[in-house]
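Reader: Could you walk me through how some helices pack in this model, and what sits on its surface?

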Amino acid sequence: MTREKMLNGAVLAGILAVPLWAYGADEPFVITLATKVAILALAGVGLNIALGLGGLVSLGHAAFFGIGGYAMGILASHAQIYTPIFSGAVVIEGTNVMPVIWLVAVIAAGLAALVIGAICLRTTGVYFIMITLAFGQMFYYFAISWPAYGGEDGLSIYVRNGFPGLNTLDPIQFFAITFVVLIAGLIAASAIAKSQFGLALNAARQSPIRVETVGISRYRVQLVAFVISGMMTGLAGALFADLNRFVSPTMFSWQTSGEIMVFVILGGVGRLFGPVIGAALFIALEHFLGGLSEFWHIYLGVILLGIVLFAPGGVTGILVGREKAHD
């Protein structure tokens, strides 16, 4: 067993152990923090497929995160006021069933990623970064100007959505749902990285000309990766909105895109558990340093600067050394 696999197992055990301890100690807030880590880690895992494997530096992934959140908010709000979303030849009802909401969120985010990716991937480098940022901001300002669902004030959901057989209002049970979804996302990301598609995506990142020479379309490979990445990030957005029982345009903001990227960079770009470690470190800094100063991002910036300059492999690279990513 490699050192990275041992670290991954320890991280997973730690994320599970903290809320279990908090449950025994009657500390529901700590369980909520662990749940937040699991959800944001899932968003980071989604971005890591595009960034770590495909080399696609996207500053617009908040668009998919927000789409997932608003998919939850729209469906749940119509369910709680007993009015259909659309009534005509076909009646579309709201719902508070989590698996149905997840499916809608994943499909909506995937379709958006398909359209956005099809346009953005015609550019490269800084142009790709800027056009993804532009799309994210377009969704942000659209949400602000959408009064039907709260506009700038956002949309509150008074009762958390349900999952068959579970009480989702119980913090430990809701954590269990997010933890299982995170594991599923990690398994999917690992399978993608080891598949022929993952190898082609990695090759397209390292040597796009050679990939085109052997008959593989770099554009198509990266577009599929971008769509998968968007779908996973959209699922995380739906879970995040359910955790807070609130959605707002800030889910679409460029700051959200930046934070998701920070998770990946902190933990290690291209590392399977890099986003998990990065999200845990980010939430820990926010919790402990945020109580000392509202300018705690200064300390985060210093840490991030140190990692970029001296440890490009992130925290994972520091702890395991020079081992192959995604082992």
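Author: Happy to! Keep in mind that this is a predicted model. Let us start with helix H2 and helix H9 (residues 218-244), whose axes lie 7 Å apart. The angle at which H2 and H9 pack is about 165°.

Reader: Thanks! Is H2 roughly parallel or roughly antiparallel to H9?

Author: Angles over 145 degrees count as roughly antiparallel. The angle between H2 and H9 is about 165°. H2 is therefore, relative to H9, roughly antiparallel.

Reader: Is the crossing of H2 and H9 left-handed or right-handed?

Author: The two helices meet through residues including Leu40, Ala43 and Leu47 in H2 and Met232, Ala236 and Leu239 in H9. As for its hand, the crossing of H2 and H9 is left-handed.

Reader: And what word describes how H2 and H11 are oriented to each other?

Author: The axes of helix H2 (residues 28-53) and helix H11 (residues 274-290) come within 8 Å and cross at roughly 140°. Among the residues making this contact are Leu33, Val37 and Gly44 of H2, together with Val276, Ala280 and Ile283 of H11. H2 passes H11 in a right-handed crossing. Given their angle, H2 and H11 are therefore oblique.

How values were computed. Residues are numbered from 1 along each chain as its sequence is written. This is a predicted model: local features need pLDDT of at least 70, side-chain atom pairs count only at pLDDT 80 or more; totals for chains, interfaces and linings use all residues. Side-chain values use heavy atoms; hydrogens and water are left out. Axes are lines fitted to C-alpha atoms, for helices over the stretch in contact, and angles run from 0 to 180 degrees between N-to-C directions. Helices (H or I, at least four residues) and strands (E, at least two) are DSSP runs, numbered from the N terminus. Angles under 35 degrees count as roughly parallel, over 145 as roughly antiparallel, 65 to 115 as roughly perpendicular and the rest as oblique. A crossing is left-handed if the near helix is turned anticlockwise from the far one by less than a right angle, and right-handed if clockwise. Contact means heavy atoms within 4.5 Å.
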